[in-house]
Amino acid sequence: MDDVYIDKVLGGDTEAFRYFLKTYKDMGFTIAVSILNDEYFAEEVVQDAFMNAFNGLKSFKGKSKFKTWFYRIVVNESFQRLKKIKKEREFFDTTDTDVYSGLAVREGGGQNNGRVHHAMQRLRPNERLALNLFYLEEYKVLEIVEITGWSRSNTKVILHRARKNLQLEIAKSK
């Protein structure tokens, strides 16, 4: 189905790109929030990623699925934005760590749910991303490799460390 819309967009029907917006915006947002831990920045990143995908659609060779290619753009944009945020923090020398975080925390139905969300916030961005893709979105390791650009072994290591660090963070919050 993606191929049909890619051909339409490349043929000059820019309105056909709406299909990609509707289909991939939610998962793109989930990936960006996993990395940035901030809904506002995640929205901006997904918009930028869609613009980059639209402008770079000519270079899409179809070796992978469109969604994998697009999610890789989201991952790259998110990590670039994260670097920019860190530089801005250093420049302004802010000590308030809540300036950029906390918007993405969704308190769940119970105390344990809240603990998990708070523990997830304290993980590294790549660990949050790996856990979200593997457990919440149920991607296989090879799919995570395609989306993130990490090697297979690195993906497994990040998942292992993420699980371990999540357990430590949950234990701290008890």
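Reply: Let's start with helix axes: an axis here is a line fitted to C-alpha atoms over the stretch in contact, and angles run from 0 to 180 degrees between N-to-C directions. Keep in mind that this is a predicted model. In it, the axes of α7 and α8 come within 9 Å and cross at roughly 105°.

Me: What makes α7 roughly perpendicular to α8?

Reply: Angles from 65 to 115 degrees count as roughly perpendicular. The crossing of α7 and α8 is roughly 105°, so α7 is called roughly perpendicular to α8.

Me: Which residues make that contact of α7 with α8?

Reply: From α7 you have V141, L142, I144 and V145, and from α8 there are R152, T155, K156 and L159. Sorted by class, that contact has five nonpolar, one polar and two charged residues.

Me: How do you know which residues of α7 are buried?

Reply: Buried means under 20% relative accessible area. In α7, V141, I144, V145, I147 and T148 are buried. Just after α7 comes G149, with a positive phi of about 85°.

Me: What makes a set of residues a nonpolar core, and which members touch the most others in the largest one?

Reply: Members have to be buried, belong to the nonpolar types such as Leu or Phe, and be joined through side-chain atoms within 4.5 Å. The largest core has 49 residues, and F20, I31, F66, F70, Y71 and L133 touch the most other members. Elements giving two or more residues to this core include α1 (2-10), α2 (18-36) and α4 (66-92).

Me: What does F20 touch, leaving out residues up to four places away in sequence?

Reply: A contact needs heavy atoms within 4.5 Å. For F20, the partners are D2, Y5, I6, V9, K25, F50 and F66.

Me: How many helices and strands are there in the protein?

Reply: Eight helices and zero strands. As for burial, 41% of the 174 residues are buried.

Notes. Residues are numbered from 1 along each chain as its sequence is written. This is a predicted model: local features need pLDDT of at least 70, side-chain atom pairs count only at pLDDT 80 or more; totals for chains, interfaces and linings use all residues. Side-chain values use heavy atoms; hydrogens and water are left out. Helices (H or I, at least four residues) and strands (E, at least two) are DSSP runs, numbered from the N terminus. Buried means under 20% relative accessible area, exposed over 50%, partly exposed in between (1.4 Å probe, protein chains only). Angles under 35 degrees count as roughly parallel, over 145 as roughly antiparallel, 65 to 115 as roughly perpendicular and the rest as oblique. Ala, Val, Leu, Ile, Met, Phe, Trp, Tyr, Cys and Pro count as nonpolar, Asp, Glu, Lys and Arg as charged, and the others, Gly among them, as polar.
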